[in-house]
Amino acid sequence: MLTAADLSMLNSDLTAEVMEQVDRIIEDNKGKPGCLIPVLEDCQRVVGYLPVELQDYISERLDIPASTIYGVVTFYSFFSMVPKGRHVIKVCMGTACYVRGTKEILKRLTEEFGLEVGQTTQDRRFSLEAVRCLGACGLAPVMVVDEDTHGWMNPKKALEILEQYK
Ligand code: FES
């Protein structure tokens, strides 16, 4: 059985401190019906994402097959198997934004930061997501960074704005 110390060695994000919290989450929920999703949510809140080794650890302790956990993590978009960046960029791909050029913005960002949609930069500065209508079509094309909505974007403006997010 994987120990918390094994995980700390396998993944530097899973420190002893983090694993203590993970253990507490598992203990608090173990045996409760439907406990898997709350455990995964709380673990993701603590760790920031759900790496495979952590899924295996949870699988052994909740006695739920790793394949089931993997299926749940990959099914729900709010779970992530890759670490999130310090800043999450959401580029709207809804119709209003799309026709006004978000595709070009997205292309420019992927080139500039060397990442694809759903990925995080090596330095963990940015994660990039393409999302559905953000409900701000009057500002199309829209890019949201963390909690900040930026409207009337173009590729150049988007890069200038991202300079403020270190
Ligand atoms: S389509 Fe982009 S905000 Fe609605």
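## Report on the predicted model

The C-alpha centres of domain 1 and domain 2 lie 31 Å apart. Domain 1 covers 4-75 and domain 2 covers 87-162, with bounds that come from an automatic or database domain assignment. This is a predicted model, in which local features need pLDDT of at least 70 and side-chain atom pairs count only at pLDDT 80 or more, whereas totals for chains, interfaces and linings use all residues. Residues are numbered from 1 along each chain as its sequence is written, and side-chain values use heavy atoms, with hydrogens and water left out.

Along the principal axes, the C-alpha atoms of the protein fill a box of roughly 50 × 30 × 25 Å. The secondary structure comes to eight helices and four strands; these are DSSP runs numbered from the N terminus, helices being H or I with at least four residues and strands E with at least two. Read from the N terminus, the order is α-α-α-α-α-β-α-α-β-β-β-α.

Two helix pairs are described next. Two packed helices are described by the angle between their axes and the distance between the axes. Axes are lines fitted to C-alpha atoms, for helices over the stretch in contact, and angles run from 0 to 180 degrees between N-to-C directions.

| Helix pair | Axes come within | Crossing angle |
|---|---|---|
| α3 (residues 36-47) and α4 (residues 52-62) | 12 Å | roughly 140 degrees |
| α2 (residues 16-29) and α4 | 11 Å | roughly 35 degrees |

The crossing of α3 and α4 is right-handed; a crossing is right-handed if the near helix is turned clockwise from the far one by less than a right angle, and left-handed if anticlockwise. In this pair, Leu 36, Val 39, Leu 40, Cys 43 and Val 47 of α3 make the contact with Leu 54, Ile 58 and Leu 62 of α4, contact meaning heavy atoms within 4.5 Å. By class, this contact has eight nonpolar, no polar and no charged residues. Ala, Val, Leu, Ile, Met, Phe, Trp, Tyr, Cys and Pro count as nonpolar, Asp, Glu, Lys and Arg as charged, and the others, Gly among them, as polar.

The crossing of α2 and α4 is right-handed. Here Met 19, Val 22, Asp 23 and Ile 26 in α2 meet Leu 54, Tyr 57, Ile 58, Arg 61 and Leu 62 in α4. The contact of α2 with α4 has seven nonpolar, no polar and two charged residues.

Two backbone features occur in loops. Most residues other than glycine have a negative phi, and most peptide bonds are trans. Asp 63, which is not a glycine, has a positive phi of about 60 degrees, and its place is in the loop between α4 and α5 (66-75). The peptide bond from Ala 140 to Pro 141 is cis, with omega near -5 degrees; Pro 141 is found in the loop between β2 and β3 (143-145).
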